[in-house]
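Dear colleague,

Please find the structure that I am handing over to you below. I would be grateful if you kept it open while reading the notes that come after it.

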Amino acid sequence: MKKFKAFIALDCKTNNENISIVKKLSSQVFGFKVGYRSFYSKDLDKLLTEIKKSKCFLFLDLKLHDIPNTVTGAIASLSKINPDYLTLHISGGKAMLEESLVAVKKNKLKTKILGVTLLTSLDHKDSKLIFSESGTDLLVNRFAKVANDSKIYGLICSGQDLDNLQKFKKPNKNYSWCKIV
């Protein structure tokens, strides 16, 4: 059976429930996304073991955002997990993104860094208040340029932003635009 190229979000109340989903869907999907709720819950090790055993990709949606040294330290601490994908907030800056790539290489990880453009809960008012930008579309474009210049693997963005982002030159043939629907 051909696998559906999608990540299934594992956001159940318990990791035992998440493990059931992995067992049920692993033969049909590309991978599983583990966010805060599941990452910081009881039985994380069991969940990660089940995902690795399933031969599916592990996507850690931790949205790291801090000074470069702290983010690279966090990446080093993920060495035992060695996720296939990891999210960082692009608003952390170009240096943070570039140094995260160095940390991945230094720690011999296979992890691909994905940049989160803008949380979908933020609107034009937030864009103006927080970033002094008149619209979220302009802000997303600025973040996409920073990500593109940093040569991270791809972007996480709203599906509404995808068409607008197609104009950016991808730094390599493996670069991908990811959308959350």
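This is a predicted model: local features need pLDDT of at least 70, side-chain atom pairs count only at pLDDT 80 or more; totals for chains, interfaces and linings use all residues.

Residues are numbered from 1 along each chain as its sequence is written, and side-chain values use heavy atoms, without hydrogens and water.

Helices here are DSSP runs (H or I, at least four residues), numbered from the N terminus. Helix H1 (residues 15–25) packs against helix H3 (residues 44–53) at an angle of about 5°, their axes being 9 Å apart. H1 is therefore roughly parallel to H3 (angles under 35 degrees count as such).

In helix H4 (residues 68–77), Val-71, Thr-72 and Ile-75 are buried (under 20% relative accessible area; exposed is over 50%, and partly exposed lies in between, with a 1.4 Å probe and protein chains only). Seen down the axis of H4, these buried residues fall within an arc of 100°, so they line one face of the helix. The face turned away from that side carries the exposed residues Asn-69 and Ser-77.

Ten aromatic pairs are present (ring centres within 6.5 Å; planes under 30 degrees apart count as stacked). Tyr-36 and Tyr-40 form a stacked pair, 6.3 Å centre to centre with 20° between the planes. Tyr-36 is partly exposed at 43%, whereas Tyr-40 is exposed at 63%.

Yours sincerely

Technical notes: Axes are lines fitted to C-alpha atoms, for helices over the stretch in contact, and angles run from 0 to 180 degrees between N-to-C directions. Helices (H or I, at least four residues) and strands (E, at least two) are DSSP runs, numbered from the N terminus. Angles under 35 degrees count as roughly parallel, over 145 as roughly antiparallel, 65 to 115 as roughly perpendicular and the rest as oblique. The arc is that of the directions from the helix axis to the C-beta atoms. Rings of Phe, Tyr and Trp (its six-membered ring) pair if their centres lie within 6.5 Å; planes under 30 degrees apart count as stacked, over 60 as edge-to-face and the rest as tilted.
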